[in-house]
Amino acid sequence: MKRPVTIFTGQWADLSFEEGAKLLSGLGYEGLEIATWADFDARRALEDAAYVAEKKGILEKYGLKCYAMGSHLVGQCVGDLWDARLDGFAPAAFAGKPEEIRAWAVEEMKIIARAAAAMGCKVVTGFMGSPIWKYWYSFPQTTEEMVEEGFDEIVRLWSPIFDVFDEVGVKFALEVHPTEIAFDYYTAKKLLEKFEGRETLGFNFDPSHLLWQGMKPELFLRDFSDRIYHVHMKDVKLSLDGRAGILGSHITFGDTRRGWNFVSLGHGDVDFDAIIRELNQMNYTGPLSVEWEDSGMDRVFGAKEACEFTKKINFSKSDIAFDSALEVK
């Protein structure tokens, strides 16, 4: 079972498309999960066949394929309650205009679905936002009706978007993540139920966001095996030393006083052996996409090491029982 080892370009958005492709191919990657804010114009991809051909040509030049497209920033603007941070995710003309930002984001997500199809991608990864994230602690008191209304709002906003995904044959893989409508096991389960099992919606599995919350990521894989449309390889290191807690203390990522930090693959506490075994059991053959985030390490060094780590642990399941040779003939 050879799963391609790819990398998400969101952390390399300061490079041009070709610069990024050349560098990441040279580090050993076989494909890209293209961030739609990293020198890729989804709207132009719909309107200009030559533009798509150019991007595909660059990928081919460096022996890469496009396995997914990332829509995290746009998707966040669809379902989130506005604050000034969202202004940086949308065109400058919409700054400070919540309804305009949301309307733009809804249409942009439809464009991204069509652009993904044009690029030959079958999966768009991303966020959906959440109108109720600020209620997560339930104080001031949060009623069950408020939670239901929040999930229903997400269904209302995203259903027309998913209609376009269905039209072009592309699936959406939500990255289960704090600040999203589905941020843990039970909210993910509830989201699928709210969409009545709509196959368009699945998950971009990222173990790092689950582990620091106290979950076992491999169990998420086991229970949602039919909805795992993409896999992120990302590690996290827990440092709960009696002072620091899991809420981060408003301390910047990378600061060693934090209770947890994202780290390069193999430097944290994620059990990737257990994850690969679950992926094998569920016959997942899609990409293993490195999302490299480590504020304490040089990114080129880290991305190369992460590629090597992923290739080393990307083992296939056995086609024989280990004790079959012990049978009496």
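1. A salt bridge is a side-chain nitrogen of Lys or Arg within 4 Å of a carboxyl oxygen of Asp or Glu. Keep that cut-off in mind for the pairs below. The model is predicted. Glu293 and Lys234 meet the cut-off, because their closest N and O atoms are 3.0 Å apart. This pair links distant parts of the chain. Glu293 sits in the loop between E10 and H11, and Lys234 in the loop between E7 and E8.

2. Lys234 has another partner. Its salt bridge with Glu291 has closest N and O atoms 3.5 Å apart. Lys234 lies in the loop between strand E7 (228–233) and E8, while Glu291 lies in the loop between strand E10 (288–290) and helix H11 (299–313), so the pair ties together parts 57 residues apart in sequence. Are these side chains buried or exposed? Lys234 counts as buried, at 2% relative accessibility. Glu291 is buried too, with a relative accessible area of 6%. Glu293 is partly exposed, at 22%.

3. What does the search of the whole structure find? It finds 25 salt bridges. One of them joins the side chains of Glu108 and Arg43, at 3.3 Å from N to O. Glu108 belongs to helix H5 (residues 98–119) and Arg43 to helix H2 (residues 42–47). The pair links distant parts of the chain, 65 residues apart. Glu108 counts as buried, at 12% relative accessibility. Arg43 is partly exposed, with a relative accessible area of 38%.

4. Now step back to the whole protein. There are 11 helices and 10 strands. The radius of gyration is 20 Å, close to the 20 Å that the globule rule gives for 329 residues, so the protein is as compact as a globular protein of that length. The C-alpha trace spans about 70 × 55 × 45 Å along its principal axes.

5. How much of the protein is buried? Buried residues make up 52% of the 329 residues. The accessible surface comes to about 15800 Å². Carbon and sulfur atoms hold 53% of that surface. Next, look at the contacts between residues at least 6 apart in sequence. Of these, 79% join residues at least 24 apart.

6. Thr6 is worth a close look. This residue lies in strand E1 (residues 5–8). Thr6 counts as buried, because its relative accessibility is 0%. Its side chain makes a polar contact of 3.3 Å with the side chain of Ser289. Which residues does Thr6 touch, not counting those up to four places away in sequence? They are Tyr29, Gly31, Leu32, Tyr67, Pro287, Leu288, Ser289 and Val290.

7. Asn261 is another strand residue, placed in E9. Asn261 is buried, with a relative accessible area of 11%. The side chains of Asn261 and Arg258 are joined by a polar contact of 3.5 Å. Leave aside the neighbours within four places in sequence, and Asn261 is in contact with Val236, Lys237, Phe253, Gly254, Asp255 and Thr256.

8. Ser130 sits in a loop, between strand E4 (123–126) and helix H6 (144–168). Is Ser130 buried or exposed? Ser130 is buried, with a relative accessible area of 4%. The side chain of Ser130 reaches the backbone nitrogen of Trp133 at 3.0 Å. Beyond neighbours within four places in sequence, Ser130 is in contact with Gly79, Asp80, Leu81, Thr179, Glu180 and Ile181. Compare the position of Ala117. Ser130 and Ala117 are 13 residues apart in sequence, and their C-alpha atoms are 26 Å apart in space.

9. Which residues make the nonpolar patch of about 720 Å²? They are Trp136, Tyr137, Phe139, Leu240, Ile246 and Leu247. Leu247 lies in the loop between strand E8 (235–238) and strand E9 (260–263). Exposed means over 50% relative accessible area, so Leu247, at 63%, is exposed.

How values were computed: Residues numbered from 1 in each chain as written. Predicted model: local features only at pLDDT ≥ 70, side-chain atom pairs only at ≥ 80, totals over all residues. Heavy atoms only, no water. Patch = residues over 30% accessible without salt bridge, like charges linked within 9 Å, V, L, I, M, F, W, Y side chains within 5 Å. Areas by Shrake-Rupley, 256 points an atom, 1.4 Å probe, with all protein chains shown as cover. Helix = DSSP H or I, 4+ residues; strand = E, 2+ residues; numbered from the N terminus. Buried < 20%, exposed > 50% of the residue type's maximum accessible area, 1.4 Å probe, protein only. Rg over C-alpha atoms; globule rule 2.2 N^0.38 Å. Contact = heavy atoms within 4.5 Å. Polar contact = N/O pair within 3.5 Å; in protein donor to acceptor, adjacent residues only side chain to side chain.
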